[in-house]
Amino acid sequence: MNFRKMLSIIMVGVLCLTLFSGCGEDKNTENTGTTATTESTVGSGKTIALIGGSDSMGFYKAVKKGGEDAAKKYGFTLEYIGIEDTEQSDSATHIKKLKITLENDPSGVVITPMGEGYGEVLSEFYDENIPVVQIDSVSRDDIEELEGKNKNPIVATVVTDYKQAGKLSAEKLFEAVKDDIKKSQNTYVIGVIERENVEADEEKADGFIEKFTELADADESMKDKYKIETESEADYNESLNNLSEEKVKAVFITHPEIADKISDAVFAEKEKYKEITFCGFDSGAKQLKWLESEDSGIFIGGVAQDSYNLGYNAVEQCIFSIQGKELKPDIKIEGQWYDKTNADKMKQDSMIFEK
């Protein structure tokens with residue numbers, strides 16, 4: 001009996017040694033890197049909050065998809081916090097959602113600012129060491145306030161390359177009207193309608209004027225045969241009327257909100273505006289309807305923002321900040337031109353939207 005008992009004890013001991021030896025081998029294997037790890041496991045369990053507009057809107061739907069794909073690539077989870085359609089321009093609602101987000105302690109935040117007054121809540125994100133990436137830009141006053149307090153949590157800004165959008169619009173409009181300029185007996189007037197004191201619109205207008213002038217002046221037969229007039233009235237129809245009095249022949253519209261108003265006026269007075277060639281920026285139901293019309297002025301198309309890549313790059317930079325990787329603090333995403341030839345494909349690719 002004693003021998004059997006001793007033999008049992010010895011066998012149990014050997015078994016335990018074997019088990020512990022196996023555990024040690026697994027740990028050592030992991031440390032030496034023989035256990036496979038991928039980039040998607042980095043930051044697993046972390047959450048990025050993306051506070052944007054209503055994800056029923058095409059633009060924000062694509063921003064959300066881009067953000068989700070970036071988060072998934074690096075092993076993070078994206079929580080999209082949308083603003084209702086009726087609150088799109090309500091910065092107070094946006095700021096309230098930011099405060100609630102802060103209480104939930106995310107790893108990082110991406111925001112699409114909708115006005116001013118973000119300074120106080122963003123300084124709280126700085127205090128909590130939570131990086132913030134913005135799509136488009138917070139107001140200059142907010143940035144100055146944060147910088148003055150040394151409490152700016154914004155690590156990167158991802159925007160559409162607005163100047164390049166203006167240049168691309170100029171190239172397309174120039175191609176559409178260059179023969180008319182050459183044949184014109186009077187000064188050919190090109191108009192730009194923009195929102196007043198909006199930096200993005202100013203960049204688009206600057207890019208448009210710079211490129212159109214470059215193209216037209218490169219042809220000796222066009223020099224001194226055209227002029228470009230800029231309008232930025234609060235009432236966009238008044239801007240159009242002012243240009244109409246100047247006998248405008250072509251117009252670049254810098255924002256979809258303006259295009260909606262202008263298209264209403266053009267459809268209401270078809271005869272008055274039927275010989276004007278228009279192009280715009282971004283899309284929407286009214287612009288796409290206008291694109292198909294043949295008797296309400298000529299809308300040749302516009303530059304669509306690449307909202308998918310805006311979302312993707314913003315979330316990616318936020319994750320890089322969390323991981324201590326090198327950042328690109330200012331990223332500009334080029335837009336893409338749409339017209340009748342590619343509008344259906346652009347819709348399928350979520351580049352242009354009815355809403």
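**Cysteines, sheet and rings**

Reply: Begin with disulfides, counted where a pair of cysteine sulfur atoms lies within 2.5 Å: the count here is 0 disulfides. This is a predicted model, where local features need pLDDT of at least 70 and side-chain atom pairs count only at pLDDT 80 or more, while totals for chains, interfaces and linings use all residues. Residues are numbered from 1 along each chain as its sequence is written, and side-chain values use heavy atoms, with hydrogens and water left out.

Me: What is a disulfide, and are cysteine 279 and cysteine 318 buried or exposed?

Reply: A disulfide is a covalent bond joining the sulfur atoms of two cysteines. Cysteine 279 has a relative accessible area of 0% and is buried; cysteine 318 is also buried, at 0%. Buried means under 20% relative accessible area, exposed over 50%, and partly exposed in between, using a 1.4 Å probe and protein chains only.

Me: How do I read a sheet, and what is the strand order in the open sheet of 6 strands?

Reply: Strands of a sheet pair through backbone hydrogen bonds, either parallel or antiparallel. Here the order is S2-S1-S3-S4-S5-S11, and the pairing is parallel. Strand S2 (76-82) and strand S11 (330-333) are at the edges with a single partner strand each, so one side of each has no neighbour in the sheet. From one strand to the next, the twist averages 20°. Axes for such angles are lines fitted to C-alpha atoms, for helices over the stretch in contact, and angles run from 0 to 180 degrees between N-to-C directions.

Strands (E, at least two residues) and helices (H or I, at least four) are DSSP runs, numbered from the N terminus. Two strands pair if DSSP finds at least two bridges between them.

Me: Over how many bridges do S1 and S2 pair?

Reply: Strand S1 (residues 46-52) pairs with S2 in the parallel sense over 7 bridges. For threonine 47, the bridge partner in S2 is threonine 77.

Me: How is a pair of aromatic rings described?

Reply: By the distance of the centres and the angle of the planes. Rings of Phe, Tyr and Trp (its six-membered ring) pair if their centres lie within 6.5 Å; planes under 30 degrees apart are stacked, over 60 edge-to-face, and the rest tilted. The count is 10 aromatic pairs. Among them, phenylalanine 208 and phenylalanine 252 are stacked, at 4.8 Å centre to centre and 15° between the planes. Phenylalanine 208 lies in helix H7 (residues 199-217) and phenylalanine 252 in strand S8 (residues 248-253), 44 residues apart.
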